Amino acid sequence: MTDTVLVTRDAGVMEIAFNRPEKKNALTRDMYATVVAALASADADPSVRVAILTGVGTTFTSGNDIGDFQARAAGPNTSAASPFLAQISTMQKPLIGAVNGAAIGVGTTMLAHCDLVVAARSARFTMPFTSLGLVPEAGSSLLFPQMVGTQRANALLLLGESLDAETALEWGFVYRVVDDDALMETARGLARRLATLPPQAVRETKKLIRHGQPDIGPRIAEELALFRERLSSPEAAEAFAAFVQKRKPDFSRFG
Ligand code: COA
């Protein structure tokens, strides 16, 4: 069986790559668990100085696996994303997002917790929460208005509009945009630079920068509670069924 997440280490840099290209790197419970374990070990292991998140193939990640959403709506409804969000939002070491192609849902919101984001020209950021009958997660309802302004955050989170790489750069959502074939070289170059700096100074600087931001933990918890409720809503059921059946959803019967 292929590993759905590839974790490699080289000279102080841990690379974590979503590897389920046939499903556009949609994140399953097992994938979240592997990423959480990798990030936790990166934070704990003094030989790792920085981690990169990326996707194998032509997609960064199409977000949470919709089949898993449906299973949660029908069953115990425990969030696999919750430990991931707790881990990524409290990392002490720097995280770099290297985004190729589509970054959907949590694929975009996780980037708000990356210290540097490099986008390939093919990158496209979309948070289709409302059209899935859901609400935003990862603290994005608080972080995005702060990062890009309320009007733009509304376009992204209420309308679910897509952001292309150049616009993301203009809005300050990403640090750099590069040609697709230069993506990993650029991300690794930044990672190597961070990895050679004094590690404690880097961690303390990240902590100071994050201190300037609101405490995101309570908002993540509030979003997840609502998200959990929404997952078993009739609106979400219609959206998920439409995705699986490859048809347009019809929300006209809902009040
Ligand atoms: N969950 C489960 N399966 C997914 C998926 C997801 N989030 N995203 C893609 N897939 C699957 C598709 O069902 C399809 O499977 P199949 O080959 O068995 O039919 C396969 O991946 C390829 O996707 P497809 O839609 O055919 O590719 P595309 O290039 O036309 O579109 C996307 C790519 C990413 C734009 C599109 O798949 C998409 O919108 N995915 C859903 C994203 C989403 O809503 N995520 C949840 C956010 S909260």
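In this predicted model, a side-chain N or O atom of Lys23 sits 2.5 Å from an oxygen atom of the ligand, a polar contact in the sense of a pair of N or O atoms within 3.5 Å. On its own the ligand has 870 Å² of accessible area, and the protein covers 64% of that (Shrake-Rupley method, 1.4 Å probe). Around the ligand there are 15 residues, the closest being Lys23, Ser62, Asn64, Ile66 and Lys246; to count, a residue needs a heavy atom within 4 Å of the molecule.

As for the ground rules, local features need pLDDT of at least 70 and side-chain atom pairs 80 or more, while totals for chains, interfaces and linings use all residues. Numbering runs from 1 along each chain as its sequence is written, and side-chain values use heavy atoms, with hydrogens and water left out.

On to the packing. The largest nonpolar core has 63 residues, and H1 gives the most to this core, with 7 residues. Such a core is a set of buried Ala, Val, Leu, Ile, Met, Phe, Trp, Tyr and Cys residues joined through side-chain atoms within 4.5 Å, where buried means under 20% relative accessible area (1.4 Å probe, protein chains only). Among the residues with the most contacts inside the core are Leu53, Phe84 and Met110. Leaving aside residues up to four places away in sequence, Met110 touches Phe18, Leu27, Leu53, Phe60, Thr61, Phe84 and Ile88 (heavy atoms within 4.5 Å). A second, separate core of 17 residues includes Val50, Val178, Leu183 and Leu190.

Helix H5 spans residues 140-148, and its buried residues are Ser140, Leu143, Phe144 and Val148. These cover an arc of only 95 degrees around the axis, so they fall on the same side of H5; the arc is taken from the directions from the helix axis to the C-beta atoms. Their cover includes helices H4, H6 and H10. Helices here are DSSP runs (H or I, at least four residues), as are strands (E, at least two), numbered from the N terminus.

Then there are the positive phi values. Gly149, which follows H5, has one near 95 degrees. Ala138 is not a glycine, yet its phi is near 65 degrees; this residue lies in the loop between strand E7 and H5 and is buried at 1% relative accessibility. Asn25, also not a glycine, has a positive phi of about 60 degrees. Asn25 is in the loop between strand E2 and helix H1, and counts as buried because its relative accessibility is 0%.

Conventions:
Buried means under 20% relative accessible area, exposed over 50%, partly exposed in between (1.4 Å probe, protein chains only). A polar contact is a pair of N or O atoms within 3.5 Å; within protein, one must be able to donate a hydrogen and the other to accept it, and residues adjacent in sequence count only if both atoms are side-chain atoms.
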